[in-house]
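Here are some exercises to work through with the model open in your viewer. Try each task before reading its solution.

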Amino acid sequence: MIDSHAHLNDPRFASDVAEVVQRAQASGVKGIINVGYDLESSRQAVQLAEEFPSLYAVIGVHPHDAKTWTDEIEEELRKLSAHRKVVAIGETGLDYHYDNSPRDVQQEVFRKQLALAQELGLPAVIHSREAAQDTLEIIKEFPDVRCVLHCYSGSWEMAKEYLKMGHYFSAAGPITFKNAHKLRGVIGQIPLSHMFLETDCPYLTPVPHRGKRNEPAYLGLIAEQLAELHSTTAAEVAQITEENTRRFFRIPKED
């Protein structure tokens, strides 16, 4: 398995990241993609990728932090992208739930990062919360950028629009939550050929570990739930999603 979206660059992992990586490997997680949410966490993602062979980095600015965007940050991300283990731009997108940055600023910075991904020939990792239609319309402006809708929580109708464009989705801990019947119904319809696994750790801890810090070692619990939704085995889900993730992020098999 590959954890396609983790935040081992979060301060909650500062004291034991090596042990967390070891537990992940022991549980069958072959790779972890660490995702930046601002410039400093993007730098940390690259540093962790240098330190641990199984780690990769995604660099970008989360919509919460869009108001901090400057030309200097954009140039620094462009420089970081030259690192051989940087595999995407993100996480970028729109978050209208918290509105920590003004919506017009979120949209502007989202476009800037998709333009950067297009310039660099990299895919983009998308965060979208309560902004489904605006997210879709902005992504449509960049047809050459391959996208993954991380921790997808949208409708099946919206998912079909993304599938037509060839984009991907990732399933996380919420598909294991007791009351997530609607979400499971949607995720169960998305073809496994367009799915990744992710933990989004330290957030969204799957059942039965809710209330604890999430970590990549719990990825198998998400694979088991996804397998149940698609009437197959966790081993099959692990194989298919690993292949999808490697192809999307261009991570060689030998890594």
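**Exercise 1. Work out which handedness the unit made of E5, H5 and E6 has.**

Step 1. Helices (H or I, at least four residues) and strands (E, at least two) are DSSP runs, numbered from the N terminus.

Step 2. Apply the convention: E5, H5 and E6 form a β-α-β unit that is right-handed.

Step 3. Check the strand pairing, where two strands pair if DSSP finds at least two bridges between them. E5 and E6 are joined in the parallel sense over three bridges; isoleucine 126 has leucine 149 in E6 as its bridge partner.

Step 4. Place the helix. H5 (residues 132–140) lies across E4, E5 and strand E6 (147–149), at about 155° to E5. Here axes are lines fitted to C-alpha atoms, for helices over the stretch in contact (heavy atoms within 4.5 Å); angles run from 0 to 180 degrees between N-to-C directions.

A word on the model: it is predicted, so local features need pLDDT of at least 70 and side-chain atom pairs count only at pLDDT 80 or more, while totals for chains, interfaces and linings use all residues. Residues are numbered from 1 along each chain as its sequence is written, and side-chain values use heavy atoms, with hydrogens and water left out.

**Exercise 2. Describe how E4 connects to E5, and then the sheet they belong to.**

Step 1. Strand E4 (residues 86–95) and strand E5 (residues 124–129) run parallel and are joined by five bridges.

Step 2. Look at the pairs: aspartate 95 stands opposite arginine 129 in E5, and glycine 93 has histidine 127 in E5 as its bridge partner. From E4 the chain passes through H4 to E5, a right-handed β-α-β crossover.

Step 3. Widen the view. The open sheet consists of eight strands in the order E1-E2-E3-E4-E5-E6-E7-E8, with parallel pairing. Strand E1 (2–6) and strand E8 (195–197) are at the edges and have a single partner strand each, so one side of each lacks a neighbour in the sheet. From one strand to the next, the twist averages 30°.

**Exercise 3. Find which residues of H1 are buried and what they pack against.**

Step 1. Set the cut-offs: buried means under 20% relative accessible area, exposed over 50%, partly exposed in between (1.4 Å probe, protein chains only).

Step 2. In H1 (residues 17–26), the buried residues include Val17, Val20, Val21 and Ala24. They are on the same side of H1 because they cover an arc of only 100° around the axis, taken from the directions from the helix axis to the C-beta atoms.

Step 3. The buried residues of H1 pack against strand E2 (31–35), helix H2 (39–51) and strand E3 (55–59). On the face turned away from the buried side are the exposed residues Gln22 and Ala26.

Step 4. Follow the chain onward: after H1 comes glycine 28, with a positive phi near 100°.

**Exercise 4. Trace the salt bridges of arginine 78.**

Step 1. Define the term: a side-chain nitrogen of Lys or Arg lies within 4 Å of a carboxyl oxygen of Asp or Glu. The structure holds 17 salt bridges.

Step 2. Arginine 78 pairs with glutamate 75, with the closest N and O atoms 2.8 Å apart. These two residues are three apart in helix H3 (residues 71–80), about one helical turn.

Step 3. Glutamate 119 also forms a salt bridge with arginine 78, with closest N and O atoms 2.8 Å apart. Glutamate 119 belongs to helix H4 (residues 103–120) and arginine 78 to helix H3, so this pair ties together parts 41 residues apart in sequence.

**Exercise 5. Decide whether glutamate 242 and arginine 246 are buried or exposed.**

Step 1. Their side chains meet in a salt bridge (2.9 Å, N to O), and both residues lie in helix H9 (residues 234–249), four residues apart.

Step 2. Glutamate 242 is buried at 5% relative accessible area, and arginine 246 is buried at 9% relative accessibility.

Definitions and conventions: A crossover is right-handed if, with the strands pointing away from the viewer, the path from the first strand over the helix to the second runs clockwise.
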